[in-house]
Amino acid sequence: MAKIITLEQLQANAKKESLWVLLHEKVYDVTKFIDEHPGGDEVILAEAGKDATEAFEDVGHSDEARELLPAMLVGEFEKDGALKIKSVRPGNSNASVNSAVEQGSNMMYFVPLGLLGAYFAWRFYSST
């Protein structure tokens, strides 16, 4: 049976000397990994004591990073706790990120086409 971690336990381990993070309803002890984290310790410390799932997924961690997690598992987070768990699936970004990507993709096509049209219009009107 998995150990159940309460919000109080999670928040009590939210400092550099003892650092637990909550990802996908599971609590991980990342204390030994914090100095090796490529993004620096500030990134993890900013998410300590709360649900870090969205931040973890938004960054797009590699498969190698995900493979490190099972060795750091402390236990399952309490289901009926005061902290509201965010439902984020691995590999999926939130809607605002998807919207921004779609808008950027659209601009990637329309801006060059607009510039090309403007060039041909300029050539046409300047030659006559």
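## Briefing: cores and aromatic surface

Val21 touches Leu10, Lys26, Val27, Tyr28, Val30 and Ile44, leaving aside residues up to four places away in sequence. This is a predicted model. The protein has five helices and five strands. Of its 128 residues, 26% count as buried.

**Overall layout**

- Read from the N terminus, the elements run β-α-β-β-β-α-α-α-β-α.
- Among contacts with a separation of 6 or more, 71% join residues 24 or more positions apart.
- The accessible surface of the protein is about 9,000 Å². Carbon and sulfur atoms make up 59% of that surface.

**Nonpolar cores**

- In soluble globular proteins, nonpolar side chains tend to be buried together.
- The largest nonpolar core holds 13 residues. Leu19, Val21, Leu23, Tyr28, Val30 and Ile44 touch the most other members.
- Strand E3 (18–23) and helix H4 (63–72) are the elements that give two or more residues to this core.
- E3 supplies the largest share of this core, with three residues.
- A second, separate core has seven residues, including Ile5, Leu7, Leu10 and Trp20.

**Nonpolar surface patch**

- A nonpolar patch on the surface is formed by Met108, Tyr109, Phe110, Leu113, Leu116, Tyr119, Phe120 and Trp122.
- Together, these residues have about 980 Å² of accessible area.
- Tyr119, one of the patch residues, lies in helix H5 (residues 95–127).

**Aromatic pairs**

- A pair of aromatic rings is described by the distance of the centres and the angle of the planes.
- How many aromatic pairs are there? The count comes to three.
- One of them joins Tyr119 and Phe120, with ring centres 5.5 Å apart and planes at 65 degrees. The Tyr119 and Phe120 pair is edge-to-face because that angle is over 60 degrees.
- Phe124 and Tyr125 also pair, with ring centres 5.1 Å apart. Their planes stand at 80 degrees, so this pair too is edge-to-face.
- Phe124 is exposed, at 54% relative accessibility. Tyr125 is exposed as well, with a relative accessible area of 61%.
- Tyr119, Phe120 and Trp122 form one aromatic cluster. Tyr119, Phe120 and Trp122 also belong to the nonpolar surface patch.

Conventions
Residues numbered from 1 in each chain as written. Predicted model: local features only at pLDDT ≥ 70, side-chain atom pairs only at ≥ 80, totals over all residues. Heavy atoms only, no water. Helix = DSSP H or I, 4+ residues; strand = E, 2+ residues; numbered from the N terminus. Buried < 20%, exposed > 50% of the residue type's maximum accessible area, 1.4 Å probe, protein only. Contact = heavy atoms within 4.5 Å. Areas by Shrake-Rupley, 256 points an atom, 1.4 Å probe, with all protein chains shown as cover. Patch = residues over 30% accessible without salt bridge, like charges linked within 9 Å, V, L, I, M, F, W, Y side chains within 5 Å. Salt bridge = Lys/Arg side-chain N within 4 Å of Asp/Glu carboxyl O. Core = buried A, V, L, I, M, F, W, Y, C linked by side-chain atoms within 4.5 Å. Phe/Tyr/Trp six-rings, centres within 6.5 Å; stacked < 30°, edge-to-face > 60°.
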